[in-house]
Amino acid sequence: MDNILVIGATGNVGFPAVEYLAKQENIKTIVGLYNKEEDSQLFKHLNNVEFRSFDFLKSETFTEALKDITKVFFIRPPQLAKPKEDMLPFLKELQQRNIKHVVFLSLIGVDKNPVTPHHKIEKMIEELNLPYTFIRPSFFMQNLNTTHQQDIKMHNDLFIPAGNAKTSFIDTRDVGEVAGHCLLNDKYLNKKLEITGSQALTYNEIATIMSKVLNKNITYSKPGLLKFRKVMLSRNEKKDYVNVMVALYFITQLGNAKKITNTIQEVLNRAPITFEKYVDDYREYFL
């Protein structure tokens, strides 16, 4: 029986991954949490889930968190932007323990973007010869109800520096399910899976869809990268996090976020969640 450790389980991808794994037979799901006592309450509706304390920056938490673990799924916390300092000690620990499968949530197009932490983490995993699966999703639909919620809810505006480029959005619920599926299937070992939604949309098209579903007018103000960076910093967002966002939206402007793949259909044997369904399911975040 496999004991699977999930790190980043409280987020938009980790949570549905844990929900998926908890339904499976002949495995045990272990969740590594920064605030174990508080955050474990989020999973009260699930059976067969164990909770352990974990912190990437405290190597003393690794021993207990990794006890009897055979496979690991992890997500880089956005605030940790220096992989050699923040992630390498943990990855070396996985190497020493001969973990059978490491699934890492990366980013589509990361192979062409060495600036991002995701690129560096992928390289470190490969250099350590860890058996991996890199899940490379396109932009998350859920970025709209988290990072960009304030502007949508308060100003009815998509304050996003993507220009006129198209983006093949994906719902994080699909990403989490793909991660869970990969952990249970060895055929995805040493694979790099690019996963997207079924269509690429401009932010003008996104604004139109949101306006229709929410029954209120949503605009797209199309700010420049420098203006966006200035505003995000003024909201006390961490500088490293803002810089990563700016880099990703610069890539989007170049047209590198419009790629569409059929990976969801191939892995899950169903179509991806549509953007319309996402907006309808998350409408309370925008009204």
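This is a predicted model: local features need pLDDT of at least 70, side-chain atom pairs count only at pLDDT 80 or more; totals for chains, interfaces and linings use all residues.
The model contains an open sheet of 7 strands with parallel pairing, in the order β3-β2-β1-β4-β5-β6-β9. From one strand to the next, the twist averages 20 degrees. Strands β1 (residues 2-7) and β2 (residues 27-33) run parallel and are joined by 6 bridges. L5 has I30 of β2 as its bridge partner.

Two helices are considered in relation to this sheet. Helix α1 (residues 14-22) packs on the sheet and touches β1, β2, β3 and β4 (71-74). The direction of α1 makes about 155 degrees with that of β2. Helix α6 (residues 117-127) lies across β4, β5 (101-105), β6 (132-137) and β9, and runs at about 165 degrees to β6.

The largest nonpolar core comprises 36 residues. Those with the most contacts inside this core are L144, L158, Y203, I206, M210 and F275. Two or more residues are given to the core by each of the elements α9 (203-214), α10 (225-234), α11 (239-253) and α13 (275-281). Of the elements, α9 gives the most, with 7 residues. When residues up to four places away in sequence are not counted, I206 touches L144, L158, F169, L201 and F275. Another core, of 33 residues, lies apart from the largest one and includes L21, F140, A179 and I264.

Notes: Residues are numbered from 1 along each chain as its sequence is written. Side-chain values use heavy atoms; hydrogens and water are left out. A nonpolar core is a set of buried Ala, Val, Leu, Ile, Met, Phe, Trp, Tyr and Cys residues joined through side-chain atoms within 4.5 Å. Buried means under 20% relative accessible area, exposed over 50%, partly exposed in between (1.4 Å probe, protein chains only). Helices (H or I, at least four residues) and strands (E, at least two) are DSSP runs, numbered from the N terminus. Contact means heavy atoms within 4.5 Å. Two strands pair if DSSP finds at least two bridges between them. Axes are lines fitted to C-alpha atoms, for helices over the stretch in contact, and angles run from 0 to 180 degrees between N-to-C directions.
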